[in-house]
Amino acid sequence: MSTRSGVISTLVEVVRKTLNLDPLVVVNSGLVVVGLITSLRSAAQVLYTYAENVCLSTVHVRAEDPLYEDVVRWMNDHAFRGRNFLSVLAQTNNNSDDKPIRCAGQLDPDRLISYREVEDNSFLELKPFCGSRIFRFQRTWMLFSHAASGPGCFGPPQLDMNPPLKLQCLSVSLAPIRKFLDEVRAYGRKVSVSNVTIYRTTSFSPDLIRWSSVASRLSRDISTVILDKHKKQTILRDINEYLHPQTRQWYANHGIPYRRGYLFSGPPGTGKTSLASAIAGVFGLNIYVLSLLDPTMTESQFARLFSEVPTRCVVLLEDVDAAGLNRADTEDDSIQRSAKANTSVSLSGLLNAIDGVSSQEGRILIMTTNAPQTLDRALIRPGRVDVHIRFELPSHEELRDLFLSMYSEVHQNQQFSPAEQKMEAAKLTELAVRFAACLPEKQFSIAEVQGFLLQYKRRPGEACSHVEHWVEEMEFEK
Ligand SMILES: Nc1ncnc2c1ncn2[C@@H]1O[C@H](COP(=O)(O)OP(=O)(O)OP(=O)(O)O)[C@@H](O)[C@H]1O
């Protein structure tokens, strides 16, 4: 003890002599400064909390809400342009269908191109990730905060999770932020007018499963989906009528839950998913894809996700037959999990999610299946499935349409005069008839025939001459 105090007094003496300062005074002043800073910080915190409660309007936006993407997009395109943000998430954006690769010259079948040498169309996106930024919107100063790991961004950032957003402004009313959000949504609609955003469920942890947008694509033109005209018109008219605001009122007046379900059934590769995505494009809706086969999803999570979709959207439940959901073969026909079930969601859980009290109104449910005959009657009864569209293997007429659709740009070539274009179109129709006649009806799926045509992308004549041989090969394989 005495040695330690001896060392301390020697040190004090050395400091006093070399710096000409009394160390005790320095330490005391330091303590006072630290104390002052701590008190000021606490006072600022109290003031901030008071201000937040009394005169700051705050809006939080959850990551799974479509508004989230709109806010981030608006901030990126306006408030952050050319400025530094404290912490950003760098991400390669591959969703740039509308930005073609700037590739050297015309396609030459004999010249192979290494795509390391060519500028690709993915681009680097820097998204605000953690921190806050003050920006001005229509004469109002606002604070945008994005916390990656709770308040203050302490701790390691959780890169796999989109943290919620916070928008604040100095106002006792939410009106300025509402105005801002209206603008953000209008901007989002404008920039993605011909895009369909696809949402899927993402499991962040065993207990946390949420919707997240996985892609935003140019919507598929409905005319490129080959389907009997009458069936196509039926479904388009039906959805058009259903989505109309007057129809919603009609449902409400009659006390009928405002929901509509569609079943697309048919062999693989006949266009069920293609039609669902084209429908979303026609009506400007986003697609929410749910899978009954997701091993990480419990029944209650499934129900919650189903109820969290927005009012107007397409909910796509693919291959419902694959889950093997049927009533157990019990005498009382009660809805229990069948032994063959392939999912953690029971049939009654699925039925409740579709039309239980918490199920979202206004959405369009599209279920696809290869085996409609195996589906439980309860699942496809009217109210759950209102329109059943049967997809079939293509007829000669549909094969001809597919051929014409694959080579549509051949005669639309701008280098041709209108008269030449007409002649080319006539030639192509002739080829299409010949092509279809070489294929047996109702034997191959459109996906299979499309696969064959893809080998002859700009050469309809060659496709026509090779199709018979391809049919022989396919028949041999089958
Ligand atoms: N009727 C169709 N019209 C246009 N393209 C089609 C059609 N059917 C299939 N295709 C093409 O075949 C491929 C697979 O189609 P899609 O995924 O829509 O079939 P599906 O019926 O949903 O198949 P699955 O039952 O295996 O999910 C796509 O590339 C699509 O372009």
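Helices here are DSSP runs of H or I with at least four residues, strands are runs of E with at least two, and both are numbered from the N terminus.

**Basis and confidence**

I noted that this is a predicted model, in which local features need pLDDT of at least 70 and side-chain atom pairs count only at pLDDT 80 or more, while totals for chains, interfaces and linings use all residues. Residue numbers run from 1 along each chain as its sequence is written.

I looked up pLDDT, the predictor's confidence in each residue from 0 to 100. Its mean over the protein chain is 83, with 84% of the residues at 70 or more. Confidence is lowest in strand β2 (residues 87–93), at a mean of 69, and highest in α13, at 97. Residues 149–156 stay under 50, and the model has 10 contacts for them beyond four places in sequence. Residues 329–335 are also below 50, with seven contacts beyond near neighbours in sequence. A contact means two C-beta atoms, placed from the backbone, within 7 Å. For the complex, the predictor gives an ipTM of 0.98 and a pTM of 0.75.

**Whole chain**

I have 14 helices and 12 strands for the protein chain. Of its 478 residues, 23% count as buried. Buried means 20 or more other C-beta atoms within 10 Å of the residue's own, exposed means 12 or fewer, and partly exposed is in between, with C-beta atoms placed from the backbone. Among contacts between residues at least 6 apart in sequence, 72% join residues at least 24 apart.

**Helix α3**

I checked α3 (residues 66–79) for length: its 14 residues reach 19 Å from first C-alpha to last, close to the 20 Å expected at 1.5 Å a residue. The expected span is 1.5 Å times one less than the number of residues. Asp70, Val71, Val72, Trp74 and Met75 are buried in α3.

**Leucine 317**

I placed leucine 317 in strand β10. Leucine 317 is buried, because 22 other C-beta atoms lie within 10 Å. Not counting residues up to four places away in sequence, leucine 317 touches Leu290, Leu292, Leu365 and Met367. Its C-alpha is 28 Å from that of serine 405, 88 residues apart along the chain.

**Positive phi**

I looked at aspartate 319, a residue other than glycine with a positive phi near 50°. Aspartate 319 lies in the loop between β10 (314–317) and α9 (347–355). With 17 other C-beta atoms within 10 Å, aspartate 319 is partly exposed.

I also looked at lysine 442, another non-glycine residue with a positive phi near 50°. Lysine 442 is in the loop between α12 (418–438) and α13. Lysine 442 has 13 C-beta neighbours inside 10 Å, so it counts as partly exposed.
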